[in-house]
Amino acid sequence: MSGMKRKRSVLNVKQKLEILQNLDNGESASTDAEDVLNEGNTISHSAALQSVETLLDYMGQRGFDYGDITTVRKICVDIRQEMKKQQKQRRIADF
């Protein structure tokens, strides 16, 4: 399997801007991000985590509302928990 390449998708600039615009309009960040990620694309947990952390950096620089930043941080926690869950399942399967 080491020779196989996995297709990875990440949020493009347009998708990130749409989420930021929705945040500016007072909409929920987690729902918007999930909708974008579930549009038929698969994305690795590490790529998703990197995108969300980039979004957090941007939000911090732009002075976003604390509640919005907290919501995005929750997404990071959720991604990390899912990563750990899948790693545990892989270890069990490999055993």
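This is a predicted model: local features need pLDDT of at least 70, side-chain atom pairs count only at pLDDT 80 or more; totals for chains, interfaces and linings use all residues.
The secondary structure of the protein chain consists of four helices and zero strands. Read from the N terminus, the order of elements is α-α-α-α. Of the 95 residues in the protein chain, 27% are buried. The accessible surface of the protein chain amounts to about 7,300 Å², and carbon and sulfur atoms account for 49% of that area. When contacts between residues at least 6 apart in sequence are considered, 69% of them join residues at least 24 apart.

Helix 1 covers residues 13-24, a run of 12 residues. From its first C-alpha to its last, helix 1 reaches 16 Å, close to the 16 Å expected at 1.5 Å a residue. The buried residues of helix 1 are Gln-15, Ile-19, Leu-20 and Leu-23. Viewed down the axis of helix 1, these buried residues fall within an arc of 140° and therefore line one face of the helix. Val-13, Lys-14 and Asp-24, on the other side of helix 1, are exposed.

The count of aromatic pairs comes to one. This pair is formed by Tyr-58 and Phe-64, whose ring centres lie 6.1 Å apart. The ring planes of Tyr-58 and Phe-64 stand at 55°, so the pair is classed as tilted, because only planes over 60 degrees apart count as edge-to-face and those under 30 as stacked.

Technical notes:
Residues are numbered from 1 along each chain as its sequence is written. Side-chain values use heavy atoms; hydrogens and water are left out. Helices (H or I, at least four residues) and strands (E, at least two) are DSSP runs, numbered from the N terminus. The expected span of a helix is 1.5 Å times one less than its number of residues. Buried means under 20% relative accessible area, exposed over 50%, partly exposed in between (1.4 Å probe, protein chains only). The arc is that of the directions from the helix axis to the C-beta atoms. Rings of Phe, Tyr and Trp (its six-membered ring) pair if their centres lie within 6.5 Å; planes under 30 degrees apart count as stacked, over 60 as edge-to-face and the rest as tilted. Contact means heavy atoms within 4.5 Å. Accessible areas come from the Shrake-Rupley method with a 1.4 Å probe; for residues, only the protein chains shown count as cover.
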